[in-house]
Amino acid sequence: MEPNYLILLDYCTGQIIKIKLTDEEKYHIGNYKNFEKFMRTELESKYNFKTCDVYWMTTEDLDERLYNI
């Protein structure tokens with residue numbers, strides 16, 4: 001499964017952050033030992049979040065359900 005999306009739950013701000021990874025970002029993932037190191041180095045400052053303040057997951061496809069919103 002190739003990660004196409006990164007979903008972050010920032011528990012300090014209460015934000016849900018959804019990032020569709022660019023082709024360039026997906027290419028650079030292979031340069032890192034693990035995805036979390038990639039996030040800290042390549043994505044944290046670009047998308048303005050702190051890896052230490054989020055729960056995260058990657059997914060190939062994005063699907064979302066909302067209730068009572």
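A residue is called buried under 20% relative accessible area, exposed over 50% and partly exposed in between (1.4 Å probe, protein chains only). By that criterion strand β1 is mostly covered, since 5 of its 6 residues are buried. The model is predicted: local features need pLDDT of at least 70, side-chain atom pairs count only at pLDDT 80 or more, and totals for chains, interfaces and linings use all residues. Residues are numbered from 1 along each chain as its sequence is written, and side-chain values use heavy atoms, with hydrogens and water left out.

**Sheet architecture**

- Helices (H or I, at least four residues) and strands (E, at least two) are DSSP runs, numbered from the N terminus.
- Three strands form an open sheet: 3 strands in the order β2-β1-β3, with antiparallel pairing, where two strands pair if DSSP finds at least two bridges between them.
- The edge positions belong to β2 (15–20) and β3 (54–59), each of which pairs on one side only.
- On average, neighbouring strands of this sheet are turned by 15 degrees against each other, direction ignored; the axes are lines fitted to C-alpha atoms, for helices over the stretch in contact, and angles run from 0 to 180 degrees between N-to-C directions.
- Antiparallel pairing links β1 to β2 over 6 bridges, and β1 to β3 over 6 bridges.
- Asp 10 has a bridge partner in each of these strands: Gln 15 in β2 and Val 54 in β3.

**Contact across the sequence**

- Asp 10 and Asp 53 are separated by 43 residues in sequence, yet their C-alpha atoms are 5.8 Å apart in space.
- Asp 53 is located in the loop between α2 (35–47) and β3, and it is partly exposed at 21% relative accessibility.

**Cysteines**

- The structure contains 0 disulfides, a disulfide being a pair of cysteine sulfur atoms within 2.5 Å.
- The sulfur of Cys 12 has its closest cysteine sulfur in Cys 52, at 7.4 Å, and therefore the two are too far apart for a bond.
- Cys 52 is likewise in no disulfide, its nearest cysteine sulfur being that of Cys 12.
- Cys 12 counts as exposed because its relative accessibility is 53%; Cys 52 counts as exposed at 57%.

**Nonpolar surface patch**

- Leu 9, Tyr 11, Ile 16 and Tyr 55 make a nonpolar surface patch of about 470 Å².
- Patches are made of residues with over 30% relative accessible area and no salt bridge; like charges are joined within 9 Å, and nonpolar side chains (Val, Leu, Ile, Met, Phe, Trp, Tyr) within 5 Å.
- A salt bridge is a side-chain nitrogen of Lys or Arg within 4 Å of a carboxyl oxygen of Asp or Glu.
- Accessible areas come from the Shrake-Rupley method with a 1.4 Å probe, and for residues only the protein chains shown count as cover.
- Leu 9 is placed in strand β1 (residues 5–10) and is partly exposed, with a relative accessible area of 43%.

**Backbone with positive phi**

- Most residues other than glycine have a negative phi.
- Asn 48, in the loop between α2 and β3, has a positive phi near 60 degrees and is exposed at 69% relative accessible area.
- Asn 68, in the segment after β3, has a positive phi of about 55 degrees and is exposed at 83%.
- Gly 14 takes a positive phi near 75 degrees in the hairpin of β1 and β2, which has 4 residues between the strands.
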